[in-house]
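This report sets out selected features of the two chains shown below.

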Amino acid sequence: MTGHLGAAVRVRGVHRTFGQGRSAVHALRGVDLDVSPGELVALVGRSGSGKTTLLNLVGGLDRPDEGSVLVDDVEVATLTEDGQDELRRDRVAFVFQTFGLIPVLTAAENVGLPLRLHEAPSPQRERRVELLLELVGLSDHALQRPDELSGGQQQRVAIARALAASPRLLVADEPTGQLDSETGLSVMALIRGVVEAEGMTALVATHDPVMIALADRAVHLVDGRLVEDVGHG
Amino acid sequence: MGELVRRRGRAQLGVLAAVLAVMVAGSALVGVCVLLTTASPQRALQLAIVHSPDADVQVGVAIGFPDGTDDTDVDARVTATAADPSAVVAQASSLLTGTFGDLPTTLTTWSSTIMQYLPSGGGSLRLAYLADLGVPDERGNLVDGRWPTARGEVAVPESAAKALGLDVGSSTTLAAEPGDRGTGLAVVGTFVPRPGAGWDEDPLTGAGTSQNYRGFIPAYGPFVVAPGGLATSGVPFRRVSLQVQPDLAGASAAEVARAGVAADALEGALTSALGDRAQNVVVDLPFARTLDGAREQRGVTSSGVLAVALLGAALAATAVLLAARMIAARRAPEAALLVARGASRGRLVAQASAEAAVLVMLCLVPATVLALGLFGLLSGAVGLGPVGIPEGGLAPLVLVVTAVALTLGALLVVPWLRSGPSRAGREDRVGVVARSGADLLLLGFAVLAYLQLRDHGVATGSRADPALVVGPVLCLLAGAALALRPLPLLARRADARAAAARSLALPLAAWGVARRPQGTAAAFLVVLATACATFGVGFAATWAQSAREQAAATVGTDLAVPAHVDPLGGGAALHAATGGRVSAVTSRAVALGSRAQQGDQAVRLVAVDTRDADGLLRGRLPSGGWTAATAGLASADPVGGVQLTGHSAELVVSGHVGEDVPMNVSVTVVLQDPDGARAAVAAGTVTLDDAPHPLALAVPSGARVVAIDAQLTAAGGEQDLDHDVQAPYVVDVTMRDATLAPGTWSAALPATTDYVAASMESVTAAEVASGVRVRLEGSASLPGLFWSDGVLTALAFRPVDDVPVVVSARLADELGLAVGDGVQLSLGVTPVQAKVRGVVAYVPSQPRAAALLADEDTLSRAAVSHGSLDSLTDAWWVGGAIPTTAAAALEAQGIGPVTERAAVAHASVDGPLRAAQRAAIALLVIAALALAIAGVVLHSTTALDAREVDVARLRGLGASRRTVRTSVLAEQAVLTGLPILAGALLGALACWAVGPLLAISAEGLPPVPSAAVVWPWQAQGATILALVLGCAVVIVPLAARAVRRATIGRLRMDAA
């Protein structure tokens, strides 16, 4: 909740409600959050606390009912659809709990998707994909499809894909939620490593204590409110 | 379990409704085809019979007796019946009229006696006979006097009266033996036979005279007696013909069917009832033949309709299988959950079966109602309506609909019978091998079916032909299976190219096509449906064109009428009514060398004016036109002659004979009318006594004398001469008010093998003050002239010895004929040498016969050159654009029956017996389009539903809506467009390879000429455009919906 000049992410007074009337669900109720460049922030909270909603707002997948969301000083809430697409293409990358890979594509092809969106020349794209797969330790699995990879491997591919277009902000929604603890730990370490190596900002929704421990900072969402800033080790 | 099925059904109502719609459509399509092969043939048969020409629905019998009464080998009962045939006539009449049950009928009779002798008057023997024409007014037109009403009175054909010197008021006798007193006959009338009034029953076929009856003796007749007067004439009967004409205007289908059964048994009944009291009994059953022809057409039509039913069933089965796979894929998670909780595979199958059973039950009533509705609609559209509930009731329809629905329902269960789930995206090896094996098996069957169709000679009669039913279905199914084979190869190439591309949209589409094999079933359906539709459109056009070409080859020209007994002037009326190009035509069976067969084996001679054959002859040749094919048949030599003026000609005959030998001459002139028809007209008999003898004869306007036949007979008695004499003679025939046409006069070719009683040494023609005189000079041999007439023929053209002809391929094959070969054909008793100038696929009007085609003028010249004066004009043909009212106008004038090529073609293509086939093909095209679109709906709905998560993921990566939409649409366009293209190509290939083999004739025979493929580009374009638009209407909104729904919500669901 502390304000930072030149924040990579600045969220102010954001409200988001789904539905209307009695069945209305108030996912976020006046959230304020700043994330500094290069910072890895863990977003902690129970299921339904509003973590995914906040990540979607930051990533331009959703719009707040009220308040503002700035990413690299760009007001995400007022972006047009094309602007949102551009934001996700150029500045923000997502890692989902369910990996979000395209099942008919190989690992390499999945990693190359963001580069194709930038219409990068084929040789340049292939070099980058190779590099990223090596970074996540999957050089030998480039031609395998998602259903031929383990959960941890799939999430590594998803992380490599997220890094492909060199985004400024990495948004990860429960990236270890479907992984066993050992695999989850390696994925967390990978995220920590690439954030530091690539110098990017990361906002990671999780309730895994290990991930929280790896984060620079952890913020806690309860019933749509950011109630405390949890210290980190 | 029931509750689960019910709830799940409610949740997936849309898909199940689509499946139900496919089941209803498939069942109804087969149901309609069954109605078209069971109910409509009865109605079609009824319509075909009711609308047949009168001559085609008659039944008749000719009862023959011996030529003479002194043959001891003849049974006494036959002799007794010949004297009084009233009992057998009554019995035969009863059997004939009984054929038609309670339907009104008209019985006509034609009776004639054996030949009797006319008074010879010292000349050669001459025969004549009596006849009872029943109602004489219907058989002939009186020229003078009246019809006989009392015993001893006769009416004589005008031509016979002239030849015999008889007139109203004169009398003659007929005797059983030459020189007997015989029975006296008073001539009370002269008449000309009425065209088409049954004169083929007459021994002289209405000509009135024949110089060579049975090849050796002059005969005249019939001498028509008063109705019923033959029995009291005392002359034995030679032949009694009975014909029954039914009035079928109000006949029901059942009455026609009953009459058909009776007609089938009639020949046996008549033969057994009359056979022992007559020398021969010839039963003529045009009604039975028409019925058999109609049944054959029905069989051919049924084959086509059942093939459509099979194709429709295959399409529906494919669509249902596709739906079943889609449903199974959609329920795979649910099935996995149930299995994980202990449910057996049997339970899953039972659930699917229960759901399928409900769908089958729901399908039955709407499918039956839809089939009946479509049947009524189609029957009305093709001219078979109004059609109510079939006579056999609804049971067959309900049974078939139920069977089809059950089969389709069973297919819904098939995916649940697999022992384990297949891995999405990669087909297991066993499946690939099984599919390849099935494809190979199907291909093998298709090759066998194709070979069977190619070698297929004759259809199996009135029932559907298995080869015609199964052949096209197997070929299309195998073709559709094979057409899918290149698609993965293409997809793999696209996949490889996609890897190197920079952008996302199209490579993503290529990957989708290459790596999502779930589209195979949908692609198979679209290929098969498109192939069925385009093949249906192409085959319908090919078949219709072939039917039109067969009609053209069968008629031979645009309009044909049989010639009058007196053909002269007939062409003028035709030209006036039609404005077309008119030709006199010879069309008859001839003996060729030693080959003199009857029926289908007979050699047919057709002679027409070949100077502008393309303007007259119809029927497609494999290459070139008729003008080229008949080049060289027409003679280049001109025909001279004597041009007459007005409608009557006055001849003056004079002459003398040396050695004071009394001699008569009978003069006959061969007239040619302006349309080229030639006929011999007897002018009369005069004595060669140096005195001029005027003779008058009626001639058509513009007639020309092209030959003069003078028959010398010795007057007086043989006993007057005690030594051989060569008596020189001169015969002058002067035609008043005539002009001489340029040309050469010459004598006819001598009959080298016969004894010559008189020879002609010179013939000259010159214009004289009164007109034109033709002088014949030569010598006659006596006493030979007492035994044999001296026949002299002067020709206004060079004698023709060889007649150039083209022969049909069948005749060339059968006799081994080649260009340059000579053959001798017999025109009656006149031999004519023919020389083969070419071989054609067939001869117009005789498409299946062993036949010769000659030039009418050349043939006529050759016949006259050999002394044959018999008319060669059997028919008239007219070529050109015939007004639609011409046929009716001609028939109103008593000219007919008229055969129009356009009408025959219309009956072949649009007639009631072929209507069901057209209806079925139209139904197939519509059903194929509908089922293809239904398949696309099923596939696209499921596929795009499944793609929504992927689309949402791509959107999450920053792909724009446009990029994603382009990718999805491109993928669907390829998945649908390539099969449509492959299907269209398959349809074209099937049309080219199989279409002509299926376009068999109405009789179930290979068509003549061979069917040529017709590919109607416009109709095909419209069909494919309709399919593409139909698919686009489905796919574009579904793709848009998939992109629209790929929102945060979808990502959240994915995350959940």
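## Backbone geometry in loops

In this predicted model, A:Ser166 belongs to the loop that connects helix 5 (151-164) with strand 7 (169-173) of chain A. Its phi is positive, near 50 degrees, although the residue is not glycine. Most residues other than glycine have a negative phi. A:Ser166 has 15 C-beta neighbours inside 10 Å and therefore counts as partly exposed.

A second case is found in chain B, where B:Asp690 has a phi near 75 degrees, again a positive value in a residue other than glycine. B:Asp690 sits in the loop between strand 19 (678-687) and strand 20 (693-698) of chain B. Because it has 11 C-beta neighbours inside 10 Å, B:Asp690 counts as exposed.

## Cis peptide bonds

Most peptide bonds are trans. In chain B, the bond from B:Gly221 to B:Pro222 is cis, with omega near 0 degrees. B:Pro222 is part of strand 10 (residues 217-224) of chain B.

B:Val1008 and B:Pro1009 are likewise joined by a cis peptide bond, with omega about 0 degrees. B:Pro1009 lies in the loop between helix 27 (995-998) and helix 28 (1017-1045) of chain B.

## Overall form and sheet of chain A

Chain A contains 7 helices and 10 strands. Its radius of gyration is 17 Å, which agrees with the value near 17 Å for a compact globule of 233 residues. The C-alpha trace of chain A spans about 50 × 40 × 40 Å along its principal axes. Of the 233 residues in chain A, 53% are buried. Among contacts in chain A with a separation of 6 or more, 70% are between residues 24 or more positions apart.

An open sheet in chain A is formed by 4 strands in the order 2-1-4-5, with antiparallel pairing. Its edges are strand 2 (25-35) and strand 5 (74-75) of chain A, each of which pairs on one side only. Strand 1 (residues 9-18) of chain A runs antiparallel to strand 2 of chain A, and 8 bridges join the two. A:Val11 stands opposite A:Leu33, a residue of strand 2 of chain A.

## Contact between the chains

On the side of chain A, 27 residues are in contact with 21 residues of chain B. Helix 1 (51-58), helix 2 (81-90) and helix 3 (107-117) of chain A each contribute at least two residues to the side that touches chain B. Helix 2 of chain A gives the most, with 5 residues. By class, the residues of chain A on this side comprise 12 nonpolar, 6 polar and 9 charged.

## Domains of chain B

The domain assignment divides chain B into domain 1 (478-558 + 882-1056), domain 2 (559-635 + 801-881) and domain 3 (641-795). Over C-alpha atoms, the centres of domain 1 of chain B and domain 3 of chain B are 76 Å apart.

An unreviewed UniProt entry places the feature "domain: ABC3 transporter permease C-terminal" at residues 924-1045 of chain B. Over residues 924-1045, chain B is 81% helix and 0% strand, and the end C-alpha atoms are separated by 37 Å.

## Enclosed helices of chain B

In helix 15 (residues 505-515) of chain B, 9 of the 11 residues are buried, so the helix is largely enclosed by the rest of the structure. The buried residues of helix 15 of chain B include B:Leu508, B:Trp511 and B:Val513. Helix 14 (486-500) and helix 26 (961-993) of chain B are among the elements that cover these buried residues.

Helix 22 (residues 856-865) of chain B is also largely enclosed by the rest of the structure, because 10 of its 10 residues are buried. The buried residues of helix 22 of chain B include B:Glu856, B:Asp857 and B:Arg861. Helix 22 of chain B is followed by B:Gly867, which has a positive phi near 85 degrees.

## Separation in sequence and in space

B:Ile114 lies in the loop between strand 2 (105-113) and strand 3 (116-117) of chain B. With 20 C-beta neighbours inside 10 Å, B:Ile114 counts as buried. The C-alpha atoms of B:Ile114 and B:Val235 are 7.2 Å apart, while the two residues are 121 residues apart in sequence.

B:Gly894 is located in the loop between helix 23 (886-892) and strand 33 (899-900) of chain B. B:Gly894 is partly exposed, having 13 other C-beta atoms within 10 Å. B:Gly894 and B:Gly260 are 634 residues apart in sequence and, C-alpha to C-alpha, 31 Å apart in space.

Methods. Residues are numbered from 1 along each chain as its sequence is written. Chains are lettered from A and ligands numbered from 1 in the order in which they are written. This is a predicted model: local features need pLDDT of at least 70, side-chain atom pairs count only at pLDDT 80 or more; totals for chains, interfaces and linings use all residues. Domain bounds come from an automatic or database domain assignment. Two residues are in contact if their C-beta atoms, placed from the backbone, lie within 7 Å. Ala, Val, Leu, Ile, Met, Phe, Trp, Tyr, Cys and Pro count as nonpolar, Asp, Glu, Lys and Arg as charged, and the others, Gly among them, as polar. A residue is buried if 20 or more other C-beta atoms lie within 10 Å of its own, exposed if 12 or fewer, and partly exposed in between; C-beta atoms are placed from the backbone. UniProt positions are given in the numbering used here, feature names are shortened, and annotations may be inferred rather than shown by experiment. Two strands pair if DSSP finds at least two bridges between them. The radius of gyration is taken over C-alpha atoms; the globule rule is 2.2 Å times the number of residues to the power 0.38.
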